Amino acid sequence: MSVRVNYGVGSFGRVISARILMGTDIVEGIEAVCEENGIESASIVSCIGSFQKSSFVYLVPDETAKIKVRFSEIMEKEGPLEFIQGSGVVCKRDGVYETHFHGSMSDQWGSVSGGHLIKGGNPVITADIVLAEVQGVQHFRRLDKETGHVQFYPLEEGFKSPRKINK
């Protein structure tokens, strides 16, 4: 089995703790906090709360796809939903925020679901977040030729491409 990794080396800067208020989409709220504080790239360290409703996708098998998987149709769950955990990276694509954010939630009967949250489709009842600014590495989302999908692309300042491990 081979080991292949693209990466960049940086450090954490400021840490921002925030509460996203009722009716605000969680991804839009996170991006607004970053924009307000001049943060280009961040790690979503902690995120819990509750949703009024949720929209997300997850991977499903697809033998016709280049990597044999694709995203599901958008799943929509009506709330109230307990947002158990969320994590991700604040990125940009073509100068616009494109946060890659995953989360899990439970409904009123305790059934758990989740996946890749769709921006604009997850208004909160409330959400507590902690963001860590990433310095020295820019987080981008770019089309990856190998997978045929937009993927995470960490680029260290002063580098033209990510560092690589290929064993």
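Strands are DSSP runs of E spanning at least two residues, numbered from the N terminus. In this predicted model, the chain has 14 strands and one helix. Strand S10 covers residues 112-117 and strand S11 covers residues 124-135. The loop between these two strands contains Ile 118.

Ile 118 has a relative accessibility of 23%. Buried residues fall under 20% and exposed residues over 50%, so Ile 118 counts as partly exposed. Met 75 lies 43 residues from Ile 118 along the chain. The C-alpha atoms of Ile 118 and Met 75 are separated by 9.4 Å.

The wider fold was then examined. Of the contacts in the chain with a separation of 6 or more, 66% are accounted for by residues 24 or more positions apart. The radius of gyration is 17 Å. A compact globule of 167 residues would have a value near 15 Å, so the chain agrees with that expectation. Along the principal axes, the C-alpha atoms fill a box of roughly 45 × 45 × 30 Å.

Buried residues make up 38% of the 167 residues. The accessible surface of the chain comes to about 9600 Å². Carbon and sulfur atoms contribute 54% of that surface. The chain carries 21 negative and 18 positive side chains. The centres of these two sets lie 9 Å apart.

Terms used:
Residues numbered from 1 in each chain as written. Predicted model: local features only at pLDDT ≥ 70, side-chain atom pairs only at ≥ 80, totals over all residues. Heavy atoms only, no water. Helix = DSSP H or I, 4+ residues; strand = E, 2+ residues; numbered from the N terminus. Rg over C-alpha atoms; globule rule 2.2 N^0.38 Å. Buried < 20%, exposed > 50% of the residue type's maximum accessible area, 1.4 Å probe, protein only. Contact = heavy atoms within 4.5 Å. Areas by Shrake-Rupley, 256 points an atom, 1.4 Å probe, with all protein chains shown as cover. Lys, Arg positive; Asp, Glu negative; His and termini not counted. Charge placed at Lys NZ, Arg CZ, Asp CG, Glu CD.
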